[in-house]
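Subject: A structure to look through

Dear colleague,

Please open it first, and then read my notes below beside it.

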Amino acid sequence: MDFFFNDPSEIRLPPDEVRIRDLQVQVLDEGRKVKVYLEVDPFQKRPSADLTITDPRGKPVSNVSIIESMLRKMELTMHLRGEPVSGQHTLEAILFYGSMIEPAENSQEPGSIERQVVDTSSRYFEMP
C-alpha cells in the first residue's frame with residue numbers, strides 16, 4: 001500500500017524497528033479531556049497502539065485503541081471518565097503489531113490476536 005504525502009528521504013522501517021518518536025499530552029476543558037499527539041517512525045507495515053490514562057491512584061480513566069494506523073502522526077482527544085481528580089496523571093502508549101492466531105481445528109472458540117510490542121512511552125501531566 002502506498003501512503004499519501006510521503007517524504008522520499010525517509011526510510012520505512014520493518015515492524016521490529018518502528019519506535020514512538022514523540023508523545024505529548026495537553027489538558028483541555030478544565031480537566032474533562034486531554035489532547036494527545038503520537039508520532040511514530042516511518043513504517044512498512046501499519047502499526048497499532050493502545051493509549052491509557054491513569055489517575056494519581058493508578059485507576060484507568062480513559063483508553064483508546066488505534067488499529068493499523070495509516071498515519072505516522074496522530075492527534076486525538078481523549079475524554080476522561082468520572083469526576084476530574086487533581087494531581088499527577090499518566091499517559092501510557094504501547095506500540096504493537098498484531099497477528100491472528102487461528103483456533104484449533106474442531107474448536108468452538110474464536111481466534112485471538114497475538115501482540116508483538118515494539119515500543120512503549122509514558123508522559124506524566126498535572127490535572128488542576
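Two strands are said to pair if DSSP finds at least two bridges between them, and strands themselves (E, at least two residues), like helices (H or I, at least four residues), are DSSP runs that are numbered from the N terminus. With those terms in hand, you can find Val34 standing opposite Met78 in β5, and you can see that β2 and β5 pair in the antiparallel sense over 7 bridges.

Before going further, please keep in mind that this is a predicted model, in which local features need pLDDT of at least 70 and side-chain atom pairs count only at pLDDT 80 or more, while totals for chains, interfaces and linings use all residues. Residues are numbered from 1 along each chain as its sequence is written, and side-chain values use heavy atoms, with hydrogens and water left out.

The overall picture

The secondary structure of the chain comes to 0 helices and 7 strands, and the elements accordingly run β-β-β-β-β-β-β from the N terminus on. The C-alpha atoms fill a box of roughly 50 × 50 × 20 Å, taken along the principal axes. Of the 128 residues, 35% count as buried, where buried means under 20% relative accessible area, exposed means over 50%, and partly exposed lies in between (1.4 Å probe, protein chains only). The accessible surface of the chain comes to about 8300 Å², of which 48% belongs to carbon and sulfur atoms; such areas come from the Shrake-Rupley method with a 1.4 Å probe, and for residues only the protein chains shown count as cover. Among contacts (heavy atoms within 4.5 Å) between residues at least 6 apart in sequence, 61% join residues at least 24 apart.

The sheet

In which order do the 3 strands of the open sheet lie? The order is β1-β2-β5, with antiparallel pairing, and β1 and β5 are the edge strands, each of which pairs on one side only. Neighbouring strands of this sheet are turned by 15 degrees against each other on average, direction ignored; the axes behind this value are lines fitted to C-alpha atoms (for helices over the stretch in contact), and angles run from 0 to 180 degrees between N-to-C directions.

The core

A nonpolar core is a set of buried Ala, Val, Leu, Ile, Met, Phe, Trp, Tyr and Cys residues joined through side-chain atoms within 4.5 Å. In the largest one, which has 24 residues, Val36, Leu38, Leu51, Ile53, Met78 and Leu91 touch the most other members. The elements that give two or more residues to this core are β1, β2, β3, β4, β5, β6 (87-101) and β7 (112-127). As a general background, nonpolar side chains in soluble globular proteins tend to be buried together.

Ile20 is found in strand β1 and counts as buried because its relative accessibility is 15%. Thr90, in strand β6, is also buried, with a relative accessible area of 18%.

The salt bridges

How many salt bridges does the structure hold? There are 8, a salt bridge being a side-chain nitrogen of Lys or Arg within 4 Å of a carboxyl oxygen of Asp or Glu.

Glu10 forms one with Arg21, the closest N and O atoms being 3.5 Å apart; Glu10 lies in the segment before β1 (20-28) and Arg21 in strand β1, so the pair ties together parts that are 11 residues apart in sequence. Glu10 is partly exposed at 28% relative accessibility, and Arg21 is partly exposed at 43%.

Glu39 forms another with Arg72, where the closest N and O atoms are 3.3 Å apart. This pair links distant parts of the chain, with Glu39 in strand β2 (residues 33-40) and Arg72 in the loop between β4 (60-66) and β5 (73-79), 33 residues apart, and both Glu39 and Arg72 are buried.

Salt bridges that share partners join Glu10, Arg21, Glu39, Asp41 and Arg72 into one network.

With best wishes
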